[in-house]
Amino acid sequence: MALAFDEYGRPFIILKEQEQKTRLRGIEAQKANISAGKAVARILQTSLGPKGMDKMLQSPDGDVTITNDGATILEQMDVDNQIAKLMVELSRSQDYEIGDGTTGVVVMAGALLEQAERLLERGIHPIRIAEGYEMASRIAVEHLEHIAQKFDFGPTNVEPLVQTCMTTLSSKIVNRCKRPLAEISVKAVLSVADLERKDVNLDLIKVEGKVGGKLEDTELIYGITVDKDMSHPQMPKQIQDAKIAILTCPFEPPKPKTKHKVDIDTVEKFQTLRQQEQKYFDDMVQKCKDVGATLVICQWGFDDEANHLLMHRNLPAVRWVGGVELELIAIATGGRIVPRFQELTPEKLGRAGLVREKSFGTTKDKMLYIEHCANSRAVTIFIRGGNKMMIEETKRSIHDALCVARNLIRNNSIVYGGGSAEISCSIAVEAAADKYPGVEQYAIRAFADALDSVPMALAENSGLQPIETLSAVKSQQIEENNPHFGIDCNDVGTNDDMREQNVFETLIGKQQQILLATQVVKMILKIDDVISPSDY
Amino acid sequence: MAIEKIFKDDATEEKGERARMSSFVGAIAITDLVKTTLGPKGMDKILQSTGRGHGVTVTNDGATILKSLHIDNPAAKVLIDISKVQDDEVGDGTTSVVVLAGELLREAEKLVASKIHPMTIISGYRMAAECARNALLQRVVDNKENAEKFKSDLMKIAKTTLSSKILSQDKEHFAQLAVEAVMRLKGSTNLEAIQIIKKPGGSLKDSFLDEGFILDKKIGLGQPKRIENAKILVANTAMDTDKVKIYGARVRVDSMSKVAEIEGAEKEKMREKVQKIIAHGINCFVNRQLIYNFPEELFADAGILAIEHADFDGIERLALVTGGEIASTFDNPESVKIGHCKLIEEIMIGEDKLIHFSGVEMGQACTIVLRGASHHVLDEAERSLHDALCVLSQTVNDTRVLLGGGWPEMVMAKEVDELARKTPGKKSHAIEAFSRALVAIPTIIADNAGLDSADLVAQLRAAHHTEGCNAGIDVISGSVGDMAELGISESFKVKQAVLLSATEAAEMILRVDEIITCAPRQREDRM
């Protein structure tokens, strides 16, 4: 540990409790960081691509998650190392921004780190490497734009969207029925999309799951499902053309916030109070009835008496509906959330064509379907599957597919998948490297090599000879000057043209992957001193 | 510089072969555990809880066994989960689904050992599962049109389901009970309407189905014990002291006389309430909440039967059966729907007095009274009956029926074998393995019955070589028999669910190549 001395030879204390801290400096620090980053990337490497394997994660509470999604794996891992945490962040930000490609981005970063390690050993300064990477990433991103293709889709022609979603889903466990799931995702996104502004609010798509049934039974519901049943068992189970009052006030006697006491000291007071109480319930129900509501959805509970009165007046009601669901119902039915009975007016009621209760299996699980809403801009994807882990994994896969579809609506450029984009970028970066004078050239070349590692991992996971396959595809790309050749993961045949195999990825997804990976690697390279409290 | 630890302390990571091995071992261990309960001659398990009293459960039901296990192996947890879902969804086949998934994994282990990639195995399994399902679809019998035949189908299914349980001695009797109960539901899957009351004493044979409704309550003192043409008001209201619900209200008085006055007013209020209830023109009043002595006395005076403290399910069921509504306010007697039944009487089962409502308006509901030697027997009988009821109610909705006794497995195995022969590439090994896993089920059934499984299964396979064969294992005589003649049937829906969820689970476990176990959360000591 380096110490500073003053002119009399006495040591300065620079760090508090310096002796108790471990400190790594210079090249040692960089190497330790790189190896940590690589270790994380190695875990994810086998999950890449359509033939990638899954990871089984057991949480501290013993719950089991089985997943193929990079972001989920990293989030559930109990990571302690600072650099490993950075990689986790990296995957998470890809998830937030794009939603897909969370594994790819980590593998890419791992490859960049591996290349950087070699350069460091040759004595190249880390900042020069970082700068070289930066230049190379710019070239790659530009090149991607160059090879990207726009495609047209409209409400009638959704085939390209479905194809892209299928590419995303094919790497998940749900690939058995990727076609129906992709169609469901696309339909869901299109029904909530604002094609004018090119924006999609994914909050309007609710993904619900219930165990049981088959994956094939997964369906898209143009409306909302609520995991609740009618408050009184004898209320009608089906309502046509419902007018819905959405309330956030309970059917209970009022509870003023200010502290107060109502003292009962005479018999008269006791009696008036009683009458008031009864009148109160009556008024509440009457209010709802007066405005013409045929269904009451309430965030709070009901008193027994109120419940019966509702039943009595033939006004079905649902209680204890969560805030988020309440909001979605309000959006879907075009109603307003009403906080007080006094403010209930006919205009504030939501409308739905059909509200029905549906029960599942042999247990008394019931769900409420609200369909044919006035505003069809809120939809629900209802997932069925053999077990809980399957449902969770399907939810994550659907989320990825939804994000991809949304990205395409925002920007309809695509690149071809199967590693073809990476290979093409690698060729372009390699060619550009020679034009740079200075040490950066090496870094740029290293970047090109790192880009190759994604298709290489893809090939390895698919059971192909990685180096052989990669070099064959690369030479084919250069020979025919066609950037669409990629790794034939699905063993379709000898033709490796990804355009014919319909393997698409979004342009922004790919660009974001390269940019994010480069940024993180730059950050890691710039660290030359790690100070951490030593083990106590 | 050594590679630093990336995980927190105590977190473990298993990779590649090791991970796969640990899932296989876990899954196969679970399978071996429940394997011996499969089939009509399967054995039971005793489960002792770690909770207070060390309660003992004796059961043969796969889902119940697995639910009570504390498992640490993640792959085993997946299997437990599928068995639970099978229970919720179709109610039966909970053991079969675990055994099939376990056998699939056992076969997969061999394939992995001979260097076949898990992904190849998965795609083979998928093809095989699809093919097996189609094979079943081709051979299903659907007697939806013919009510008479359909009822006999139901009987057969009920008998087959019950034959593997404790009720197998009296399966004829119980199958009759279950079928009648389910037929009453008229197609709805709402098993709520079938009430099961357990009363120790007597023998299992004494169990009976009652078309009415039985409430496990006593009739209040001095009230009529028998009412004909009863008008019933079902209520959920406070009949103790009716509290003032307005927030913050409290009684504050300054003299004894005032207290007496208010008490009087309270009493008056209760009397008014009772008057209002009586004004409905009823002669039976059932409340979910307590009824205090004072109102009870008033009811007795009016000659009304008052029953207090019925449980919520009981109330709902009673309302459903009698066609009344659950009331909480009593101001408009003319518009409250009142339930009717022909006869209410107190009956005795064993030593307990119960209230029996017969001749109810809605014929949907019914009660099955189970009698048996001990609580354990009754609990197990209830579980078995529940399984049978679930399967039957599902079959009423999906009327397709298959033969049982290992017949469906052999049919599937045969088709899958054929597919294996036609498929080029490594996948065919996986497809073949799938068919072996299917054959394992009749093998286990035969083994559990103490029969020579190798011989029987070989005979069975030979028999299935002819077109349209109905051969299966006849456990009773220990030979290959005609399942159609023996009347052993199973519901298509159950078999399909077993096939699909087992394949799904096996696939899921096979895809895993790394297991990361986080450090168990430290329990906070609050001592």
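A: Setting aside neighbours within four places in sequence, Glu504(B) touches Arg176(A), Leu215(A), Gly385(A), Gly386(A), Asn387(A) and Met390(A), contact meaning heavy atoms within 4.5 Å. Bear in mind this is a predicted model, where local features need pLDDT of at least 70, side-chain atom pairs count only at pLDDT 80 or more, and totals for chains, interfaces and linings use all residues. Residues are numbered from 1 along each chain as written, chains are lettered from A and ligands numbered from 1 in written order, and side-chain values use heavy atoms, without hydrogens or water.

Glu504(B) belongs to helix 16 (residues 492-510) of chain B (helices, H or I, have at least four residues and strands, E, at least two; both are DSSP runs numbered from the N terminus). With 6% relative accessibility, Glu504(B) is classed as buried (under 20% relative accessible area, 1.4 Å probe, protein chains only).

Elsewhere in chain B, three strands make an open antiparallel sheet, ordered 4-16-19. Strand 4 (141-142) and strand 19 (489-491) of chain B are the edges: each has a single partner strand, so one side of each has no neighbour in the sheet. Strand 4 of chain B pairs antiparallel with strand 16 (residues 400-403) of chain B over two bridges (pairing takes at least two DSSP bridges), and Val141(B) sits opposite Val401(B) of strand 16. Helix 6 (residues 147-163) of chain B lies across strands 16 and 19 of chain B, at about 95 degrees to strand 19 (axes are fitted to C-alpha atoms, for helices over the stretch in contact, with angles from 0 to 180 degrees between N-to-C directions).

Definitions and conventions:
Buried < 20%, exposed > 50% of the residue type's maximum accessible area, 1.4 Å probe, protein only.
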